[in-house]
Amino acid sequence: MLPWLSDRKYQLLIESINKALPQNYDFEIIKTLTRLSQVKAKSVCLQFPEGLLAWADTIAFLIEEFADGEIDVFVVGDVVYGACCIDDIRAAYFDCDFLVHYAHSCLVKVSDMDVPCLYIFVKIKIDPEDFVKAIKNIIFMVLPDASGGHSKEATLTKLHLNATVQYIDVVHFAYRKLVEDGYGDRISIPICSPLSPGETLGCTSAKLNGNLCVFLADGRFHIESSMIQNPHVVYYRFDPFTRRMFLEKYDHQALYLTRNRVLRSVRINPRVPYLNEFTADLIVNVGCPRMSIDWGAESCHIPFISTFE
Ligand code: SF4
């Protein structure tokens, strides 16, 4: 219950959430309204990744309509690429006294923000038993061998469970189930600070000491981060929508060769004569480090490297 709403209005809020928002996505409207009431927010900024902007209008309406008192809601229209894009500076610029950031891990601590902030992970509901069943059916029957191939005789040293933040509860459910079923000594949920156990970002993933990882995600971007970090590990990805397990591969050799070639070109040929767009010999990307890797060496006609490189 929300103390400032009558029973009837609260019921209307619940019905509106159920009707207007997808049932399997948890936008945590009640928690948001409670928090806004606690901090006595008068003006709130909402930040969504592209894929969720379709619901921004509805969520803004629900907040304005059911908040504890009058509140202005702004939706940031700029593209939000990842957890690093949290824009407390813009929220402050809009004179907002609160920021709600949707669908990303807490990469930047709320204590480091210019305005108070709430992360809504937008957890996606799936049946966690499907995930457990898939792990048991597939992984424990066909284990990776030392060469990265598969054989029933190969030994599992440790199975790591990972996910994007939307599915982190499912990973913890699966861990508890597998421990109950006696697999506890060979299962782990890795931690990569500042993320919570099991979470992975495209730029932030744990070093794994086992030889197998099951990753719960609906795309390859996040699992690739872990695969780049751990070339010795065999990866399976459980797709939450098709409920199928996929063996995933990453071409580390191609990655090392390509990046090496780019870095060597910086040293060997520091002045590129045929520049037309840029008057520079080198671009050092201070943003997402995955860009130089994922876009490939051909994306730019002068060397394009990350700050790590
Ligand atoms: S992977 Fe890139 S976009 Fe995602 S949080 Fe890291 S730096 Fe940001």
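This is a predicted model: local features need pLDDT of at least 70, side-chain atom pairs count only at pLDDT 80 or more; totals for chains, interfaces and linings use all residues.
**Exercise 1. Classify the ring pair of Y93 and F94, and say how exposed each residue is.**

Step 1: A pair of aromatic rings is described by the distance of the centres and the angle of the planes.
Step 2: Rings pair if their centres lie within 6.5 Å, and there are nine aromatic pairs by this rule.
Step 3: The ring centres of Y93 and F94 are 6.3 Å apart and their planes meet at 50°, so this pair is tilted.
Step 4: Y93 has a relative accessible area of 69%, and exposed means over 50%, so Y93 is exposed.
Step 5: F94 has a relative accessible area of 29%, which makes F94 partly exposed.

**Exercise 2. Describe the contact between domain 2 and domain 3.**

Step 1: Start with the bounds: domain 2 covers 128-248 and domain 3 covers 254-306.
Step 2: Seven residues of domain 2 and six residues of domain 3 take part in the contact.
Step 3: Together the two domains bury about 480 Å², with 62% of it on carbon and sulfur atoms.
Step 4: On the domain 2 side, 71% of the area buried against domain 3 comes from C203, F221 and I228, more than from any other three residues.

**Exercise 3. Which residues form the salt bridge between domain 2 and domain 3?**

Step 1: The count between these domains is one salt bridge.
Step 2: R290 pairs with E224, and their closest N and O atoms are 2.9 Å apart.

Conventions. Residues are numbered from 1 along each chain as its sequence is written. Side-chain values use heavy atoms; hydrogens and water are left out. Rings of Phe, Tyr and Trp (its six-membered ring) pair if their centres lie within 6.5 Å; planes under 30 degrees apart count as stacked, over 60 as edge-to-face and the rest as tilted. Buried means under 20% relative accessible area, exposed over 50%, partly exposed in between (1.4 Å probe, protein chains only). Domain bounds come from an automatic or database domain assignment. Contact means heavy atoms within 4.5 Å. Buried area is the accessible area (1.4 Å probe) that two parts lose on being put together, summed over both. A salt bridge is a side-chain nitrogen of Lys or Arg within 4 Å of a carboxyl oxygen of Asp or Glu.
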